[in-house]
Amino acid sequence: DGIRDYKVTGVQTCALPIYNNVEKIFILAGQSNMQGYGQVEPKSGKTAKGTLKYLTENGKYQYLRGNGSWKSFKNIWLVDFEYKDGNVKRNEGPLKANFKGAFFGPELGFGSKMESHLNTKLTLIKTAWGGRSIYQHFRPSSSPPPPDKSILKGDKRVSVEYKLMIKLAREIMAEYRKKNKKYELAGIVWHQGWNDRVQPIAVNEYLENCVNLINDLREEFGIDDLPFVLANTGQGWRDGGAKPKNAPQKKLMDDQIQVPFDSRLKNKTNVAAVETRPFNTYSFQGQGENEESIPMRQPSHWNQNGQVYMEIGIGLADAMNSIMSNSNKTLARCSGRNVRYEAEIQDCKNQCEVKTALVKGSVIGGYTGSGYVNLKKGDGSEVNWNDVRVSDSGSYKLKFKIPAESSDEPSSC
């Protein structure tokens with residue numbers, strides 16, 4: 001009965017993380033600029049400059065093309081949820097530039113760059129819907145009710161999109177468990193703020209609401225250091241910061257960059273912010289007054305400039321990879337961050353019996369997670385942990401614990 005400790009010594013490791021085919025899931029959430037308004041190809045009668053087609057034909061992002069057409073990233077599965085008038089529509093398939101036709105979002109740069117960083121399969125779950133604020137729609141559960149209800153939109157309901165984001169992500173992960181598909185919820189990517197930026201009271205609340213969002217999502221998914229990266233709301237911003245009318249906008253953008261350093265974060269690790277204001281150089285083509293130099297005059301959506309959406313996605317991927325790499329200093333990880341015991345249920349052999357806590361409703365005291373391996377007597381029984389990460393090459397002593405059902409269980413592995 002109880003917990004036995006086993007020690008493994010002299011394990012030779014490599015500097016790169018070892019992922020063992022565990023699919024990494026990322027939730028991409030926010031409003032219309034996460035939804036995506038980067039133009040893939042020029043519209044009739046409009047300039048091609050700034051579109052993804054023009055960019056790839058002029059030396060940039062050429063890895064997005066293959067055999068004369070848009071490349072389909074076979075190892076990156078995109079699940080894009082539309083949500084309108086209370087109805088949810090699910091679109092899914094391999095990531096590619098024209099996944100949804102005329103427009104793309106940060107998922108293209110993020111997914112393609114994360115694949116190169118991690119060298120493993122990815123699932124991107126997009127829960128991004130235009131016109132939503134964190135003040136109302138994505139308001140996290142630990143934030144008090146909005147103090148000014150007069151600025152609430154539509155049916156005045158609060159936190160609907162916040163709850164829906166969690167629900168839809170859980171549905172995907174539940175499907176993966178039913179298929180015995182190995183996965184890890186690896187991080188959350190956030191790009192949102194325009195609808196808060198236009199309301200002073202929402203601006204004043206944004207920093208606290210965003211911190212609460214991180215704390216609450218980590219609690220919802222049971223991962224207290226779940227990586228979270230955000231890109232601030234820099235679109236349309238050039239040199240107007242000194243004008244009084246622009247002060248609320250500047251405050252929101254500045255506050256978004258300060259999120260990782262806020263003392264109200266319950267766990268201050270694995271949070272990063274990406275500054276997007278410099279990307280206006282692309283969307284305004286320098287001076288920004290030449291109508292022919294942008295795909296569509298729409299400052300709230302970066303003038304639909306494809307380079308901006310690519311660079312936001314790449315910046316978010318680099319930030320995500322950086323904080324994930326820093327967290328790799330923890331020597332042993334099981335399936336999920338800070339899940340101390342969950343083993344690789346696909347790799348049990350001989351007398352190894354698999355139980356799933358979520359199904360059985362049985363969890364060994366002191367441990368949390370979605371499943372455990374119960375070793376029975378018998379030679380050759382084996383537990384194979386799916387994720388062992390270190391920061392540098394070398395030999396390490398690894399110490400891990402497994403639950404023993406009774407005192408009759410084998411005393412060694």
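At 25% relative accessibility, Glu-175 counts as partly exposed, a class lying between buried (under 20% relative accessible area) and exposed (over 50%), as computed with a 1.4 Å probe on protein chains only. The structure is a predicted model, in which local features need pLDDT of at least 70 and side-chain atom pairs count only at pLDDT 80 or more, while totals for chains, interfaces and linings use all residues. Residues are numbered from 1 along each chain as its sequence is written, and side-chain values use heavy atoms, with hydrogens and water left out.

Glu-175 forms a salt bridge with Arg-90, with 2.8 Å between the closest N and O atoms. This pair links distant parts of the chain, 85 residues apart: Glu-175 lies in helix 4 (residues 160-178) and Arg-90 in strand 7. Arg-90 is partly exposed, at 32% relative accessibility. A salt bridge denotes a side-chain nitrogen of Lys or Arg within 4 Å of a carboxyl oxygen of Asp or Glu. Helices (H or I, at least four residues) and strands (E, at least two) are DSSP runs numbered from the N terminus.

In total, the structure holds 21 salt bridges. One of them joins the side chains of Lys-100 and Glu-82, at 3.7 Å from N to O. Here too, distant parts of the chain are linked, 18 residues apart: Lys-100 is in the loop between strand 7 (87-95) and strand 8 (103-104), and Glu-82 is in strand 6 (residues 73-84). Lys-100 is partly exposed at 38%, as is Glu-82 at 31%.

A further salt bridge pairs Asp-155 with Arg-157, whose closest N and O atoms are 2.8 Å apart. Asp-155 is exposed, at 51% relative accessible area, whereas Arg-157 is partly exposed, at 46%.
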